[in-house]
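I opened the model to take notes on its cores, its sheet and its chain contact. The entries follow in the order I looked things up.

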Amino acid sequence: MLDILMIEDEPNIAEAVRFILTRDGWAMTLHGDGEGGVEAIRLARPRLVILDLMLPNRSGAEILRDLRADPDTAFAMTPVLMLTARGDAAAGTSQADAVLAKPFANEDLRALVRRMLA
Amino acid sequence: MSGRTQNNVLTGTRIRERRLALSRRQADVARAAGISPAYLNLIEHNRRPVSDDLVMRLSEVLEVPADELLEGHEEVRLAALREAAARLGGADIGAPETALAPDFLARFPGWAAILVAHARRSEALEAQLVSLSDRMRQDPYLLTTLHEILSAVTAIRSTASILADEAAIPAEWLSRFHANLDQDSQRLSVTAQALVAYLDSFEAEDTTATPQEEVEAWMGAGAPPLDRSPDLASDAARAMAGAHLARMEQERRALPDATLVEAAAASHDPLMIAARLGHPPDLVMRRLAALKPAGFEQVGLLVCDSAGALILRRPAPGFPLPRPGDACALWPLYQALAAPQTALSHSVETPEGRRFLTLSYATRQQPEGVQGPVITQAQMLIMPPDPARAAGPVIRIGPACRICPRKTCPARREPSILATA
C-alpha cells in the first residue's frame, strides 16, 4: 500500500522531500499539478497526502475541499498534511490534519510524517 | 435652545479674549457697542445670550471680522476640537476635559488649531497606513514574487540540509541535488533582484492610494455614506464616489432591483435579460454587477475608456486584477472597443488555470452633439465559466505582463519579473 502521495508543482522541493521520506522507508509517489489532484488521490489511495497550497490550475485548498466533500467517507477522511507559504492562518487549510509552513526543516517534516503515519 | 446657549458661551469668551488682547476696558467697549458694562460683563462670562446684531456691533468695536465671533464659525472649530480629543484621547492618556473645550478653544486658539491639525494628520497617516497594508496584502506583484522566492528558499533549504546531514548519498542523487541547488539559487537571485527593483519603484510613486483605489476600497466596503467612509480620504475620491452613487441611483430607477431579480431568475444570459426588459445591454451588465442577484453572485465588472484606462473595477473572485494602470492586452474588454454596440462573449483562462466567461460590450456617445467628440467606453462582465463551452476556444489571459508567468504571449509588452516566465 502506498504511504504517501505528494501533490507539489515545484519539482526540486518534491525531489528533496521524496529523497528524505523514501530514505525513511516510506513508499511515496508524486503528482505535479493541481488539476486531477483528487483523481490522483483516488487512484493511489495513499495513507497520507502531502498537499501544497499554491498549485497551478487547481489550488490545494480546492483539492482538499473536494476531497473532504467526497461521498466515500473513508476516502474523504484521508489524512492531509498541507504545505503552505502563509503559515497556519492561510485560508483553506482548516480541513487539513496538519499544516507545515514553507520553508521547513527536513527533520520537522520527517517527524510530522512519522506521527501521522504511526 | 441648548445649542444657542453653548454657541453664546463661545462667543462671550471670545469677546472677552479679544477685548483683553486690545487692552480695552469693559466699560469703553460696552459704551461703544450701546450696552451697559454690566450686561457686557454677563456676556463675557457666558451668562447671557448674544444676538447676532450685537455680535456685529461688538465685532466693529473690537476690530475683528464678525465671522470670528459668529456662532457657526466657532461651532465648526469646537466640533473639530472635540473630534481631535476623541481621536487622540484613550485609555493610556485618559479622557480629556471635553466640557472645557469651549474655554480652551477661546483662550488658546493657536494651541487648539495645532491640536486639530495634529489629529487630522494622525488620521490621514493611519488611513495611509491601512491603505499601504491592504496594498501589500493584495498586491499580486508582491504575492506572486514572494511565492517564487519562498519556493526557491524551500527547495534550497531542504536540498542543502540533505547534502549537509545525510550520509552515503548516491552519486547520481548528489549530482542531481547540486544541479538543483544551482538552479534554485539562480532563480532566487533573479527573483530577489526583481523584487527589490519593484519595491524601489514605490519610492518614485505617491504611496497614498489613487482616488480610483480609494473609490474601489469604498465600494468593497459596501459603499457606506460618503462622510463616514475612512476609505475616501481625498476630495477627488469623494467626488468620484458621489458621481458614482448618483449614476447608480439613476440606473436603479431605470432598472429597479425587483425587476432585475425577477429577470435574472428567468435567464442567466445578460443579453436575453436586456432584450426581455427592453434595456441596453450595458445598463443590464452594470446593474447585474452592482446588485449581484441570484445566479450572478460571483460576477465582476471592468470598465475602460477609449484610451484603455480602467475607470471602474469590480473584481470577480479569482480574476487577476493588477494595480491600477496595468492590464492584460488580451482581455476581451479591449476587443469590444473595436466593435461598439456588439456583445462579445469569450472564455478566458488565467495563468492559474481558472476559467471565466466574459461578456464585453462597448458603447459610443456624443454628449456634446454631433460636433462634439465621440466618447467610447467598454465594459466586461466577468462570470463563472460556462460548462457547455468547456471544449471551445479559450483566450489565455494574464494579470499584467510584469507578473504574468506565460512564457509565450503574442501581446507581451515587457518581460515578467518571474524567473519562470
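**Largest core.** I am working from a predicted model. I started with the largest nonpolar core and found 39 residues in it. The residues with the most contacts inside this core are B:Met285, B:Leu288, B:Val299, B:Met380, B:Leu381 and B:Ile382. I then listed the elements of chain B that give two or more residues to the core. The helices are helix 13 (257–266), helix 14 (270–277), helix 15 (281–291) and helix 16 (332–337). The strands are strand 1 (300–305), strand 4 (355–365) and strand 5 (375–383). Which element gives the largest share of this core? I found strand 5 of chain B, with 5 residues.

As a general note, nonpolar side chains in soluble globular proteins tend to be buried together.

**Chain B overall.** I counted 16 helices and 6 strands in chain B. Of its 421 residues, 30% are buried. I also checked contacts in chain B between residues at least 6 apart in sequence. Of these, 61% join residues at least 24 apart.

**Sheet of chain A.** I traced an open sheet of 5 strands in chain A, with parallel pairing and the order 2-1-3-4-5. Strand 2 (28–31) and strand 5 (98–101) of chain A are the edge strands, each pairing on one side only. On average, neighbouring strands of this sheet are turned by 20° against each other, direction ignored. I then looked at strand 1 (residues 4–7) and strand 3 (residues 48–52) of chain A, which run parallel and are joined by 4 bridges. A:Ile4 has A:Leu48 in strand 3 of chain A as its bridge partner.

**Helices on the sheet.** Helix 1 (residues 11–23) of chain A packs on the sheet and touches strand 1 and strand 2 of chain A. I read about 170° between the directions of helix 1 and strand 2 of chain A. Helix 3 (residues 60–68) of chain A lies across strand 1, strand 3 and strand 4 (80–84) of chain A. Helix 3 runs at about 145° to strand 3 of chain A.

**Helix 1 of chain A.** Helix 1 has 13 residues and reaches 18 Å from first to last C-alpha, close to the expected 18 Å. Its buried residues include A:Asn12, A:Ile13, A:Ala16, A:Phe19 and A:Ile20. Just after helix 1, I noted a positive phi of about 100° at A:Gly25.

**A:Ala76.** I found A:Ala76 in helix 4 (residues 73–76) of chain A. Is A:Ala76 buried or partly exposed? It is partly exposed, because 13 other C-beta atoms lie within 10 Å. Not counting residues up to four places away in sequence, A:Ala76 touches A:Leu67, A:Arg68, A:Ala69 and A:Asp70.

Note on methods:
Residues numbered from 1 in each chain as written. Chains lettered and ligands numbered in written order. Predicted model: local features only at pLDDT ≥ 70, side-chain atom pairs only at ≥ 80, totals over all residues. Pairing = 2+ DSSP bridges. Axes fitted to C-alpha atoms, helices over the stretch in contact; angles between N-to-C directions. Contact = placed C-beta atoms within 7 Å. Buried ≥ 20, exposed ≤ 12 C-beta atoms within 10 Å, placed from the backbone. Core = buried A, V, L, I, M, F, W, Y, C linked by C-beta atoms within 7 Å. Expected span 1.5 Å × (residues − 1).
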